[in-house]
Number of protein chains: 4
Amino acid sequence: MTASFDIIRAAYAELIVSDLAASRHFYVDILGLVVTHEDDDAIYLRAFEEYLHHSLVLRRGPQPALAALAYRVRSQAEVTKAATHFESLGCPVEHRASGATRGIGEAVRVIDPLGFPIEFFYDAEHVERYTRRYDLQGTGAISRLDHFNILTPDVPAAQAHYESLGFKVSEDIQDDAGTVYASWLYRKATVHDIALTGGDGPRLHHIAFATHERNQIVNICDTLGAHRRSDHIERGPGRHGVSNAFYLYLRDPDGHRIEIYTHDYYTGDPDNPTLTWDVHDNQRRDWWGNPVVPSWYSEASTVLDLDGRPKPLVERVEAQEAAVTIGADGFSYTREGEAMPEYKLGNQV
Amino acid sequence: MTASFDIIRAAYAELIVSDLAASRHFYVDILGLVVTHEDDDAIYLRAFEEYLHHSLVLRRGPQPALAALAYRVRSQAEVTKAATHFESLGCPVEHRASGATRGIGEAVRVIDPLGFPIEFFYDAEHVERYTRRYDLQGTGAISRLDHFNILTPDVPAAQAHYESLGFKVSEDIQDDAGTVYASWLYRKATVHDIALTGGDGPRLHHIAFATHERNQIVNICDTLGAHRRSDHIERGPGRHGVSNAFYLYLRDPDGHRIEIYTHDYYTGDPDNPTLTWDVHDNQRRDWWGNPVVPSWYSEASTVLDLDGRPKPLVERVEAQEAAVTIGADGFSYTREGEAMPEYKLGNQV
Amino acid sequence: MTASFDIIRAAYAELIVSDLAASRHFYVDILGLVVTHEDDDAIYLRAFEEYLHHSLVLRRGPQPALAALAYRVRSQAEVTKAATHFESLGCPVEHRASGATRGIGEAVRVIDPLGFPIEFFYDAEHVERYTRRYDLQGTGAISRLDHFNILTPDVPAAQAHYESLGFKVSEDIQDDAGTVYASWLYRKATVHDIALTGGDGPRLHHIAFATHERNQIVNICDTLGAHRRSDHIERGPGRHGVSNAFYLYLRDPDGHRIEIYTHDYYTGDPDNPTLTWDVHDNQRRDWWGNPVVPSWYSEASTVLDLDGRPKPLVERVEAQEAAVTIGADGFSYTREGEAMPEYKLGNQV
Amino acid sequence: MTASFDIIRAAYAELIVSDLAASRHFYVDILGLVVTHEDDDAIYLRAFEEYLHHSLVLRRGPQPALAALAYRVRSQAEVTKAATHFESLGCPVEHRASGATRGIGEAVRVIDPLGFPIEFFYDAEHVERYTRRYDLQGTGAISRLDHFNILTPDVPAAQAHYESLGFKVSEDIQDDAGTVYASWLYRKATVHDIALTGGDGPRLHHIAFATHERNQIVNICDTLGAHRRSDHIERGPGRHGVSNAFYLYLRDPDGHRIEIYTHDYYTGDPDNPTLTWDVHDNQRRDWWGNPVVPSWYSEASTVLDLDGRPKPLVERVEAQEAAVTIGADGFSYTREGEAMPEYKLGNQV
């Protein structure tokens with residue numbers, strides 16, 4: 001399928017936060033993201049190997065929410081094509097002047113068919129790339145934004161939408177009946193720029209940043225403990241089955257979920273094989289079989305429309321992954337063909 | 001307090017296992033321990049930096065149990081003193097000829113006042129130390145046995161016993177009323193050779209092996225996943241509050257608990273400070289605040305007497321740590337003086 | 001500049017080796033590459049995250065040499081366009097039937113304007129991707145082929161050739177007079193698929209494989225030591241200034257140079273900044289200022305033409321990097337504007 | 001052999017430095033050591049897991065030198081015994097009042113028979129142990145002082161002296177004729193508290209600090225590069241043959257040599273085997289066969305007497321290690337019994 005315009009990658013997220021000082025402590029003092037600019041209304045952050053103005057905007061607002069997920073496109077002409085594409089789909093489209101978001105040139109924001117506020121931009125201010133600034137990088141140095149993960153009720157429909165934008169599927173989770181529980185899609189040559197998680201939506205599940213090594217992720221946990229902020233840790237660290245990445249899920253002061261992520265694999269060849277996991281495989285979500293905490297499945301960030309109003313939720317009709325794997329079905333397994341005597345999480349309570 | 005004889009360190013454990021082949025797969029094929037000798041009755045294993053004949057004996061028997069925990073003493077004369085000491089306490093004492101355990105010289109085994117089968121030995125066969133055999137060491141190379149952890153009902157009484165043997169306390173867990181929930185004691189200059197965990201006993205909680213780095217412990221998890229044996233992972237990996245060590249708890253095919261452990265600290269000076277943790281501090285057992293799985297508190301290995309019969313259990317009378325921290329007390333905290341709104345594990349179910 | 005056809009990435013190298021058994025010991029037993037196929041004439045190897053038939057072919061021959069560097073293109077149609085492109089340049093072009101190289105479909109090999117035997121292919125046999133086979137991966141697990149590095153007399157001319165194929169420059173080394181000593185170019189979103197090193201050519205400087213972490217590269221050194229094969233280590237481990245990657249250079253039993261490489265950075269955006277290093281900056285080749293061993297500058301592999309005959313060398317006319325930085329110029333520095341009192345390597349002898 | 005008094009371990013060094021500000025930048029800003037106290041005359045530093053007042057004193061003075069190496073003994077009574085012991089040997093002995101060195105109680109300093117200023121102390125001020133202060137620890141967090149290394153002309157004589165103080169030999173380097181080139185001895189259960197290197201002496205070769213992991217040592221190199229201070233790196237990082245430790249040698253602003261060191265092994269059992277290396281084994285000093293830079297063999301710090309005057313040097317009479325291994329003997333090997341065709345360093349020049 002030929003896309004109407006050329007998206008490069010997931011580029012930045014704009015989150016509404018309730019207390020800029022609390023957010024700054026979390027993202028800057030603890031996680032070590034670099035402040036490109038800050039004022040009374042917003043903080044613009046980047047990671048150590050990024051040279052665009054920001055990969056995360058924290059904007060003060062009345063209640064926590066996602067304001068936009070931004071993809072970078074290959075040129076300014078592609079921004080125009082993006083607008084045309086979404087207008088042709090009948091989606092709300094907002095043309096944004098250069099600087100409407102600090103550091104970003106002329107851009108468009110749309111409400112996509114899945115209900116998410118999505119920005120497409122090319123032009124952006126360049127800033128110093130801190131790749132070799134080991135004097136500034138702390139023990140958990142974050143290199144770059146990696147991907148977004150969203151909750152949407154109908155995964156195949158969402159996947160078809162993203163495929164129409166030129167994304168390809170690297171991995172997914174299904175059951176024998178063909179129900180798709182989640183799907184991972186990419187433009188850049190990693191496992192994903194966007195993950196589609198089946199659930200009531202539109203909601204933001206998380207945004208993910210990459211480090212180079214596992215020890216840096218473990219160091220982030222140690223640092224949170226030293227700050228007596230270990231309650232920001234929601235899940236992990238662990239090794240994903242899907243993506244094979246080493247992961248950690250944090251919740252920021254407003255409850256926005258942030259993943260720190262490393263070690264996925266190259267997907268840049270056109271015949272990169274798609275890997276399908278059985279929803280009953282206990283190692284799909286954690287290769288070590290550690291249980292997924294229920295909040296990870298159930299909680300997520302509200303999404304705003306282009307006027308800043310919360311989008312109403314559409315319920316997922318098909319089975320929920322949490323329900324078919326933590327419940328009483330008895331079909332989860334570690335070794336295929338061998339019944340798992342007890343599920344780990346069940347053991348725990 | 002002057003000890004009656006000079007113990008060097010925790011040196012080996014003898015476990016009764018029900019299926020030698022299954023145990024061999026776990027300890028040798030997956031964990032990578034080195035086989036010094038094996039026959040139809042037993043497998044003698046050591047880690048890569050050990051030069052004594054073994055640090056773990058797996059002996060075939062009718063049901064899983066602990067047959068002995070062995071401490072090395074400074075000389076053969078100290079073995080004799082150990083026998084005298086325990087005879088004077090009225091404990092059962094068995095004098096064992098050289099070779100009674102393969103690779104071990106003349107030794108004594110006693111049932112100590114806590115009800116555990118404990119061996120003291122000095123003489124042992126030397127074998128090749130594989131310190132630099134990186135060609136043989138796998139991704140999770142285990143360096144040496146580090147410590148034992150036992151369940152005993154009365155921690156202060158058990159601590160007094162070990163202090164009478166010359167051990168010193170590095171850390172413990174108490175509550176404001178002075179109840180001691182657990183205590184860590186050492187002879188060698190690490191955080192512990194023996195940990196005393198309050199609970200129905202005598203039972204073996206776990207034996208622990210050390211690696212050099214955290215990534216080796218993470219690699220063990222990855223390898224278990226690749227073998228589709230992730231259900232051997234009971235808890236972790238994580239960072240302990242107590243000891244500051246990075247840890248992983250596994251259960252072997254018989255349910256014996258094995259810890260893989262790294263990064264604790266030097267304790268060899270005589271004024272090494274004792275660190276006391278509040279039982280309500282959520283970071284004491286896991287610095288990252290991740291919950292302790294209930295089985296970790298409740299399950300443990302049966303202990304045998306010198307005739308190979310299971311020792312009956314004595315119940316703990318004082319409060320159990322699991323009961324006061326996972327239950328409805330509401331006094332657990334991450335930041336002292338600040339009520340913790342919800343306990344993580346509670347969130348999960 | 002628009003390329004005539006669409007290259008994806010550096011995909012495989014074919015090396016002529018004099019003793020297949022010796023090469024197998026090095027690449028398989030020590031480095032741990034996976035054997036896809038082997039017979040009396042050749043060994044086909046891949047790394048753990050690769051799903052194409054091979055990324056390295058070792059073919060038995062009378063004397064060590066490079067037989068081909070192969071780039072993958074986006075489709076079979078692009079193979080045809082590649083042939084047309086090089087024919088239009090007047091280069092020798094060989095059309096190769098499917099299976100001419102085991103595992104590879106219809107392809108073309110050319111002698112490019114720089115004198116190198118280059119293959120373009122799309123179709124290739126898929127094999128199992130061992131991404132999660134941690135049971136098979138050793139301590140120095142290699143993930144994938146990363147890049148080629150070649151010696152060529154005229155770097156700007158070579159760079160212009162590669163730019164005409166759609167490559168972009170990530171970094172280079174120059175002096176104040178504009179002499180270009182080396183240049184790094186990429187198609188996939190890493191620092192390079194091809195590096196151009198100024199020197200007598202055409203010769204192969206090295207091929208490079210990637211790992212995920214630095215500790216895996218250090219482990220390879222430890223393993224070579226355990227095999228008493230430390231003399232395979234030529235340079236490193238170290239941190240490059242250029243590319244910021246952590247590196248190790250090995251020489252295989254025939255003297256072919258192999259780099260093990262990790263931690264470079266994302267380059268996939270169209271405005272990725274080019275970084276130019278001063279040839280007199282002592283941290284350009286090693287961020288830690290460790291000297292480059294002279295053999296690294298002077299020795300390289302012979303290159304064959306399409307008939308298997310060694311290509312004659314063309315001498316570099318411009319200054320050689322080794323000459324201007326190790327010699328008596330006295331202009332090398334660690335802190336710009338501050339004369340370096342003595343050069344490290346000079347200190348050593 | 002029974003020692004006259006009970007030494008615990010290498011505890012602190014006092015270095016004379018010419019510029020406190022320059023030293024502070026190196027040890028505090030770059031290496032991250034913790035300042036316990038500083039004034040116009042001296043800076044008192046400790047590592048993150050130490051609870052005594054300091055493990056390194058930097059004292060301002062006219063020219064760089066070693067003022068004292070301090071061992072901790074088991075009690076105050078042992079300090080007295082130490083004085084008696086050295087008086088009986090006819091050595092200069094200075095009784096120092098509590099606070100003569102800030103943070104240290106009553107102590108004695110002696111000039112030992114090898115010509116070194118050695119302090120013995122027990123009493124010392126306790127300060128906060130920063131074991132879990134991951135919020136303060138940087139990427140190269142140093143845990144504790146590990147050992148001293150000194151140059152002395154007659155290694156067997158020096159070894160006999162240290163054995164008379166209760167030290168035991170873990171490893172040494174000899175040739176077939178029995179010449180001892182270097183020897184490693186310990187009191188605490190690591191490979192060494194003191195290393196004796198054959199050479200003109202008395203001079204201080206280096207003091208060494210430990211980290212937990214190799215990646216922390218590599219991070220120190222990266223940080224030095226970012227500060228444009230890579231010229232502080234003299235040798236490494238690498239893996240020692242002797243001790244099996246991962247190492248890095250730095251030179252401070254005055255040329256004092258500092259080793260950062262990790263991963264040696266447990267030596268606490270009384271029958272710990274002594275490992276003797278052949279001086280012609282190319283992997284003894286670096287397991288990867290990388291050459292030792294000549295300055296590492298030839299340069300060292302001046303040693304002061306108890307009145308602060310430089311001690312005159314006594315020349316080594318026996319062969320120097322650097323002379324027999326880098327020179328024209330041709331007897332160095334990587335694989336025993338196989339002549340090494342060329343020595344790596346020879347290749348380089």
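Author: A salt bridge is counted here where a side-chain nitrogen of Lys or Arg lies within 4 Å of a carboxyl oxygen of Asp or Glu. The model is predicted. By that rule, Arg335(C) and Asp231(D) form a salt bridge, with 2.9 Å between the closest N and O atoms. This pair belongs to the interface of chain D and chain C, across which the rule finds eight salt bridges. Polar contacts between chain D and chain C amount to 22 residue pairs, with both residues at pLDDT 80 or more.

On the side of chain D that touches chain C, the elements giving two or more residues are helix H4 (214-226), strand E14 (233-239) and helix H7 (344-347) of chain D. H4(D) supplies the largest share of that side, eight residues. By residue class, the side of chain D that touches chain C comprises 13 nonpolar, eleven polar and nine charged residues.

As for the extent of the contact, chain D contributes 33 residues and chain C contributes 33 residues. The area buried between chain D and chain C is about 3100 Å². Carbon and sulfur atoms give 47% of that buried area.

In summary, the contact between chain D and chain C includes eight salt bridges by the rule, one of them joining Arg335(C) to Asp231(D), and the largest share of the chain D side comes from H4(D).

Conventions. Residues numbered from 1 in each chain as written. Chains lettered and ligands numbered in written order. Predicted model: local features only at pLDDT ≥ 70, side-chain atom pairs only at ≥ 80, totals over all residues. Heavy atoms only, no water. Contact = heavy atoms within 4.5 Å. Buried area = accessible area lost by both parts, 1.4 Å probe. Polar contact = N/O pair within 3.5 Å; in protein donor to acceptor, adjacent residues only side chain to side chain. Helix = DSSP H or I, 4+ residues; strand = E, 2+ residues; numbered from the N terminus. Nonpolar A, V, L, I, M, F, W, Y, C, P; charged D, E, K, R; others polar.
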